[in-house]
Protein chains: 4
Amino acid sequence: MKEVSSSETVLFYDTDCGGVVSNIAYLRYVERARCQLFEELGLALAEMEEKAVFPALTRSEIDYLSPGKLGDRVTTTARLVEVGKVRCVCEYEIHRSENEAEKTLLARARQTVVLLQLPSGRPHRTPEAWRETPA
Amino acid sequence: MKEVSSSETVLFYDTDCGGVVSNIAYLRYVERARCQLFEELGLALAEMEEKAVFPALTRSEIDYLSPGKLGDRVTTTARLVEVGKVRCVCEYEIHRSENEAEKTLLARARQTVVLLQLPSGRPHRTPEAWRETPA
Amino acid sequence: MKEVSSSETVLFYDTDCGGVVSNIAYLRYVERARCQLFEELGLALAEMEEKAVFPALTRSEIDYLSPGKLGDRVTTTARLVEVGKVRCVCEYEIHRSENEAEKTLLARARQTVVLLQLPSGRPHRTPEAWRETPA
Amino acid sequence: MKEVSSSETVLFYDTDCGGVVSNIAYLRYVERARCQLFEELGLALAEMEEKAVFPALTRSEIDYLSPGKLGDRVTTTARLVEVGKVRCVCEYEIHRSENEAEKTLLARARQTVVLLQLPSGRPHRTPEAWRETPA
């Protein structure tokens with residue numbers, strides 16, 4: 001429940017003229033997995049506007065380990081690893097699936113997220129349920 | 001065979017502070033569907049580098065009809081509608097799926113594509129097979 | 001007054017693995033020039049939230065004429081060419097500056113813009129002053 | 001010489017529906033400053049293809065401190081802070097300029113960069129001159 005995976009194909013707009021996936025594109029892969037993780041944790045994208053609670057990053061770090069290429073099938077795994085009163089930490093692994101059996105780790109990331117109540121912008125307490133079961 | 005559909009969820013990076021999907025994000029949805037269309041036509045992304053044949057746009061037009069929102073499930077349909085010696089025309093429709101039965105048309109696009117042989121950059125003839133069956 | 005130019009350098013994130021500027025990046029160049037044009041017409045970005053009036057595209061078309069490359073200095077010119085009651089049309093030319101004297105036309109674009117009053121989303125009349133002096 | 005600044009205006013495509021600058025947009029601001037820093041260090045964008053030497057990130061970290069908004073004038077400062085045989089470290093500060101006298105720190109970033117020789121992808125030694133004067 002506290003770990004999700006999302007997959008997508010590397011398109012032209014993910015690459016740059018160095019011939020590989022742009023460092024910036026990985027942040028989109030991570031965002032897709034993070035949104036899906038939050039959805040499964042009960043914070044659905046489609047309800048955020050109504051509730052006026054939005055996740056905001058306070059820190060993001062990423063290690064680029066191996067270059068992705070056009071047409072690669074990349075899978076991003078997101079895990080909730082720490083939950084505090086107003087902030088939580090997510091970790092990500094982005095793999096290329098070579099085939100059924102093999103995969104290569106392209107990047108590893110870690111982000112600190114706070115939930116903000118808009119329009120005040122004040123931190124919103126993380127849901128009690130997020131703290132119950134350690135990942 | 002000459003029509004494909006791809007779906008994705010509207011994420012934060014697709015939206016802007018006007019509260020709706022950015023005009024630029026639709027070009028990404030269209031690119032995803034176009035790449036999938038070309039894949040089914042025999043021009044797979046993963047083989048483009050090897051063959052050094054890349055599609056390039058010479059014209060793109062898009063009508064924005066209804067605003068997409070965060071969390072929407074959007075489906076882009078791509079169709080090959082004209083095939084000449086060196087250029088072809090693709091048409092796209094981007095819908096939001098409300099539920100099983102209903103959908104709303106968000107945008108409609110049309111692009112002219114040429115295949116380029118790199119590194120010369122010379123136009124590459126469109127495959128004979130693309131001309132056989134009209135869409 | 002009704003024509004502005006903005007310049008920027010082609011960075012990695014503007015290019016793709018075809019080795020040239022991505023078709024999507026041109027839309028960012030156009031947006032920069034459009035925002036600057038609207039700023040000079042009295043609709044400053046920083047005031048949009050306060051006034052809750054945002055420009056929205058209803059149509060965008062672009063012809064890609066020559067490929068831009070990493071490090072190119074590109075200049076985008078935006079002109080207001082038609083002003084109706086609730087919509088206006090902007091035209092753009094994107095050039096690469098080779099040197100003081102020479103420039104190459106990379107792309108030409110045309111967009112229809114409506115001003116929307118948020119949160120209702122109703123069209124907002126274009127300012128009277130925009131109609132006075134033809135470009 | 002080893003510190004540069006670049007400025008740009010926050011546009012719609014930099015923001016998301018949370019009403020503030022997207023976490024991803026900061027990576028573009030950082031890339032603009034990094035490219036300019038490398039240009040001043042003798043590694044001009046326009047010559048990279050010819051020399052087939054490209055910078056690649058191996059690590060990126062960013063702390064988001066205060067939200068940027070549409071129309072803000074942001075200035076990114078890049079500094080070369082460590083230079084090894086094949087890798088170097090750059091640090092960045094992204095400020096909003098309130099006026100002549102005041103500025104607010106929006107984000108702080110740090111990236112590890114290696115120079116790669118293409119097409120082999122082998123690391124290229126950092127230029128001797130980069131090691132001479134500490135920043």
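The following questions and answers concern a predicted model.

Residues are numbered from 1 along each chain as its sequence is written, and chains are lettered from A in the order in which they are written. Because the model is predicted, local features need pLDDT of at least 70 and side-chain atom pairs count only at pLDDT 80 or more, while totals for chains, interfaces and linings use all residues.

Me: Is helix H1 of chain A largely enclosed or largely open?
Reply: Helices here are DSSP runs of H or I with at least four residues, and strands are runs of E with at least two, numbered from the N terminus. A residue is buried if 20 or more other C-beta atoms, placed from the backbone, lie within 10 Å of its own, exposed if 12 or fewer, and partly exposed in between. In H1(A), 13 of the 16 residues are buried, so the rest of the structure leaves this helix largely enclosed.

Me: Which element gives the most to the side of chain A that touches chain D?
Reply: Two residues are in contact if their C-beta atoms, placed from the backbone, lie within 7 Å. By this criterion, chain A and chain D each bring 15 residues to their contact. H1 and strand S2 (53-64) of chain A each supply at least two residues of chain A's side. The most, 10 residues, come from S2(A).

Me: Which elements give two or more residues to the side of chain A that touches chain B?
Reply: This contact takes 15 residues from chain A and 15 from chain B. The elements of chain A that give two or more residues are helix H1 (25-40) and helix H2 (45-51).

Me: Where does Val89(D) lie?
Reply: Val89(D) is partly exposed, with 15 other C-beta atoms within 10 Å. Leaving aside neighbours within four places in sequence, Val89(D) is in contact with Val81(D), Glu82(D), Arg110(D) and Thr112(D). Val89(D) lies in chain D, in strand S4.
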